[in-house]
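Q: Let's walk through this one together. Can you show me how to read what's inside?

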Amino acid sequence: MTSVVPDRRRTLFGLGAGNAMEWFDWNVYATFASFFAAQFFNAHSAVSALLSTLAVFAVGFAARPVGGWVFGWIADRKGRQLAMSLTVAIAAAGSLVIGLSPTYGQIGVWASVILVVARLAQGLAHGGELPSAQTYIAEVAPPARRGLWSSLIYFSGTCGVLVGTLLGAVLSGVLTHEQMLSYGWRIPFILGGVFGIYSLYVRLRMRETEVFQASKKDAAKDKGQIWQTIKQNPKLLAQVVGLTVGATVIYYMWAVAAPSYAITVRGVAPTGALWAGVFANVVFLIALPLWGMLSDRIGRKPVLFIAIAGLLVLSFPLNAMVGHEAWQLFVAMSIALVFMAGFSSIGPAVYAEIFPTRIRAVGVGVPYSIAVAAFGGTAPYLQTLFAGNGHPSLFVIYGIVLMVISALVVFTLPETRGVDLREKAETADRAVTGSGA
């Protein structure tokens with residue numbers, strides 16, 4: 001028993017630290033973009049301007065589905081621990097490259113190229129991190145506590161986002177604007193890279209999951225069975241997309257874009273809006289493990305239905321609640337994120353519990369990343385577009401429609417609370433072997 005507890009602690013820390021670092025890297029790019037943009041791009045150069053557009057708006061999200069495919073395949077063929085180690089190593093390298101890169105004034109357009117390549121690497125890593133880490137945590141968690149353990153994914157990720165936001169507030173308060181433009185923007189990227197190297201060290205010491213080890217022998221007999229199993233389970237891929245489209249839009253709407261929306265559309269003071277966002281995400285952190293524990297007691301489907309129902313009923317009232325004061329934004333965000341936590345906390349468990357072991361990572365990673373890129377990546381833009389045209393309610397309706405789709409998908413899911421993933425793997429493997437005979 002004494003050796004099991006430290007091993008579990010190392011597992012949870014390795015998962016949480018690496019995941020937090022990748023979310024930190026993803027967030028600080030947006031947080032510090034206004035300080036380093038002039039260091040990488042020349043406004044008078046058409047080539048540099050194009051690279052800037054690709055880097056900021058396209059490369060990161062476009063790379064995520066590719067990362068989900070590549071690292072999902074590695075996780076299902078070579079192991080979850082290897083895939084997670086590679087994603088954190090690539091993310092750390094991308095962060096260090098940005099933090100140490102020469103500027104446009106030193107090497108010209110090559111600075112823009114370096115930034116695009118580094119951001120591409122981070123997008124690939126982030127797209128591969130979530131399915132690999134979600135699969136790992138679901139497979140190592142005790143079946144009776146898998147809901148609670150799976151909440152670590154968004155808990156650690158949100159911690160990374162909050163640290164990046166707070167670091168931005170601290171540095172901009174301590175350093176002058178000229179110092180931020182000169183070298184201050186490099187600090188978060190270098191810190192992210194260094195912490196990423198440490199996270200890599202921790203992950204290299206983590207053990208492979210027993211569920212994957214048990215299925216590895218059978219999987220090695222037929223290298224084509226991963227793709228065969230994927231083709232035989234199109235319903236599972238569609239369920240991942242259907243579950244994700246509603247949740248990702250609502251998450252980006254309230255956890256990511258709400259402060260900017262409140263500042264630009266509702267006229268909330270920037271400092272107050274940003275702090276409202278920070279404290280609302282703290283409420284989100286508190287709610288995550290509570291929903292996870294509840295799902296371990298009453299089931300995954302009831303928790304998903306409660307979360308969806310709350311978001312559907314409160315969508316218009318919460319949107320109307322966001323007025324001209326920061327406290328109104330905080331209250332609206334907190335309520336929305338409490339219900340959103342019901343979805344986010346158990347998502348990794350739900351995804352893992354419906355898939356066979358041999359396609360669990362790639363089967364989740366590809367459709368999940370596509371849905372996030374297509375719907376989550378465009379959510380802030382659509383929200384601002386509708387509001388700018390005088391129809392903010394259209395975006396609320398858009399989110400409601402997608403949440404209804406997610407609710408319909410939940411009806412199609414089996415209740416998987418406490419399912420033994422090893423037995424599920426053996427059953428699925430026998431089915432595939434039999435169908436291919």
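A: Let's start with a cavity, meaning a set of points on a 1 Å grid over the protein atoms alone where a 1.4 Å probe fits but cannot get out; lining residues have an atom within 4 Å of a point. Here Met253, Trp254, Ala258, Tyr261, Ala262, Asn319, Val322, Leu329 and Gln383 line the second largest cavity. Two or more of these residues come from each of α13 and α14 (258-264), with α14 giving the largest share, 3 residues. Helices here are DSSP runs (H or I, at least four residues), numbered from the N terminus.

Q: What should I know about the model itself?

A: It's predicted: local features need pLDDT of at least 70 and side-chain atom pairs pLDDT 80 or more, while totals for chains, interfaces and linings use all residues. Residues are numbered from 1 along each chain as its sequence is written, and side-chain values use heavy atoms, without hydrogens and water.

Q: Which residues line the largest cavity?

A: Ile250, Met253, Trp254, Leu311, Leu314, Ser315, Leu318, Val396 and Gly399 do. The largest share, 4 residues, belongs to α16.

Q: How do I read two packed helices?

A: Two packed helices are described by the angle between their axes and the distance between the axes. For α2 (residues 33-40) and α6 (residues 109-140), that's about 135 degrees and 8 Å. Axes are lines fitted to C-alpha atoms over the stretch in contact, and angles run from 0 to 180 degrees between N-to-C directions. The pair is therefore oblique, as angles under 35 degrees count as roughly parallel, over 145 as roughly antiparallel, 65 to 115 as roughly perpendicular and the rest as oblique.

Methods:
On a 1 Å grid over the protein atoms alone, a cavity is a set of points where a 1.4 Å probe fits but cannot get out, and a pocket is an open set with protein on both sides within 12 Å along at least five of seven lines; lining residues have an atom within 4 Å of a point.
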